[in-house]
Amino acid sequence: MPLRIDILTLFPEMFSAVLGTSIPKRAAEKNLVSYHLTNIRDFATDAHQSVDDKPFGGGPGMVMMAPVLFDAVEHAEKQDTRPAERILLSPQGERLDQRLVEELAGKEPGKDRLLLIAGHYEGFDERIIEGLRPREVSVGDYVLSGGELPAMVLIDAIVRLLPGALGAEDGAADESFGSDGLLEHPQYTRPREFRGMGVPDVLLSGNHGAIAKWRAEQRQLRTRQRRPDLWQAHLKRREDDEDRK
Ligand code: 9D3
């Protein structure tokens with residue numbers, strides 16, 4: 001069975017470009033994943049099709065109503081017998097990283113189902129979180145207009161890890177954040193000279209040992225300069241590897 005991803009949103013049309021292009025599209029065509037969009041507004045019950053209301057106690061913005069979202073979740077979950085891992089995209093959530101992406105991409109058969117809830121509001125009625133007990137996930141400390149783009153970020157990161165999702169060329173190069181946690185080295189292609197800028201001689205030398213050494217140095221240099229957090233984690237891992245020997 002392919003991984004099933006349900007997406008609950010007020011703006012299903014936002015997803016068509018991302019899910020209908022490139023790797024997310026190819027993964028669905030290859031039956032590695034299926035996407036199922038549910039418009040939360042279809043579960044509104046009043047004459048105005050309301051999905052949100054003013055917060056009790058006052059304050060700015062609107063809050064997504066619990067009954068509508070519960071009905072939408074229950075409707076989506078009935079469409080398949082597998083239990084879904086529920087994920088609420090929220091600025092209050094745990095920060096998305098490659099470790100979490102790998103965990104979500106690696107669900108065992110029979111549990112290979114995700115249900116993503118993307119809101120477009122200041123917040124969700126707390127009883128949604130209390131009652132549905134979703135995992136809450138953020139994509140970083142900046143303010144977006146809703147959870148839709150974060151949901152697409154999560155889907156894209158997950159589906160490219162599904163076995164067979166990447167073409168042969170992409171696959172081999174997919175190490176940058178995986179194996180050793182260092183940033184990539186600089187890359188060059190034609191032409192050899194562009195607007196007065198050349199290509200490092202070593203890359204044109206044909207000396208594969210020297211090229212590998214240069215690239216390893218560049219990766220270290222870049223990671224130390226740009227991402228001291230990743231560099232420290234890399235050093236720690238090397239140390240732990242030593243201790244285990
Ligand atoms: C003034 C308080 N705001 C929180 C910083 C309210 C608020 C703003 C924007 C609440 C929700 C949103 C919409 N954002 C998301 O739903 C969201 C999000 C984000 O804004 N940044 C990073 N990750 C995520 S995941 C969902």
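This is a predicted model: local features need pLDDT of at least 70, side-chain atom pairs count only at pLDDT 80 or more; totals for chains, interfaces and linings use all residues.

Colleague: Let's start inside. Which residues have the most contacts inside the largest nonpolar core?

Modeller: The general idea is that in soluble globular proteins, nonpolar side chains tend to be buried together. A nonpolar core is a set of buried Ala, Val, Leu, Ile, Met, Phe, Trp, Tyr and Cys residues joined through side-chain atoms within 4.5 Å. Buried means under 20% relative accessible area, exposed is over 50%, and partly exposed lies in between (1.4 Å probe, protein chains only). Here the largest core has 31 residues, and Ile 5, Val 33, Leu 116, Ile 155, Ile 158 and Val 159 have the most contacts inside it. At least two residues each come from β1, α2 (22–29), β2 (33–39), β5, α4, β6 and α6. The biggest giver is α6, with 7 residues. Those labels are DSSP runs numbered from the N terminus: helices are H or I with at least four residues, strands are E with at least two.

Colleague: What does Ile 5 touch?

Modeller: Contact means heavy atoms within 4.5 Å. Setting aside neighbours within four places in sequence, Ile 5 meets Val 33, Ser 34, Tyr 35, His 36, Leu 114, Leu 116, Ile 155 and Val 159. There's also a second, separate core of 21 residues, with Met 64, Leu 69, Val 73 and Ile 117 among them.

Colleague: Where is Val 73, and is Val 73 buried or exposed?

Modeller: Val 73 is in helix α3 (residues 66–78), and with a relative accessible area of 0% Val 73 is buried. Not counting residues up to four places away in sequence, Val 73 touches Leu 8, Arg 86, Leu 115, Ile 117 and Leu 132.

Colleague: How do I read a helix, then? Which residues of α4 are buried?

Modeller: Look at which way the buried residues point. In α4 (residues 98–105), Leu 100, Val 101, Leu 104 and Ala 105 are buried. They're on the same side of α4 because they cover an arc of only 135° around the axis, taking the directions from the helix axis to the C-beta atoms. Their cover includes β5 (85–95), β6 (113–117), β8 (135–138) and α6 (148–159).

Colleague: And salt bridges: how many are there by this rule?

Modeller: The rule asks for a side-chain nitrogen of Lys or Arg within 4 Å of a carboxyl oxygen of Asp or Glu. By that rule the count is 19. In one of them, Arg 99 meets Glu 94 at 3.5 Å, N to O. Arg 99 is partly exposed at 47%, and Glu 94 is partly exposed at 31%. Both belong to a network of salt bridges that also links Glu 85, Glu 103, Lys 107 and Arg 135.

Colleague: How far apart are Lys 213 and Glu 217 in helix α9?

Modeller: They're 4 residues apart in α9 (residues 208–226), so about one helical turn separates them. Lys 213 is exposed at 54%, whereas Glu 217 is partly exposed at 42%.

Colleague: Last one: which residues form the nonpolar surface patch?

Modeller: Patches are made of residues with over 30% relative accessible area and no salt bridge, joining like charges within 9 Å and nonpolar side chains (Val, Leu, Ile, Met, Phe, Trp, Tyr) within 5 Å. Here Met 14, Tyr 142, Leu 144 and Leu 149 form one, with about 370 Å² of accessible area together, by the Shrake-Rupley method with a 1.4 Å probe, where for residues only the protein chains shown count as cover.

Note on methods
Residues are numbered from 1 along each chain as its sequence is written. Side-chain values use heavy atoms; hydrogens and water are left out.
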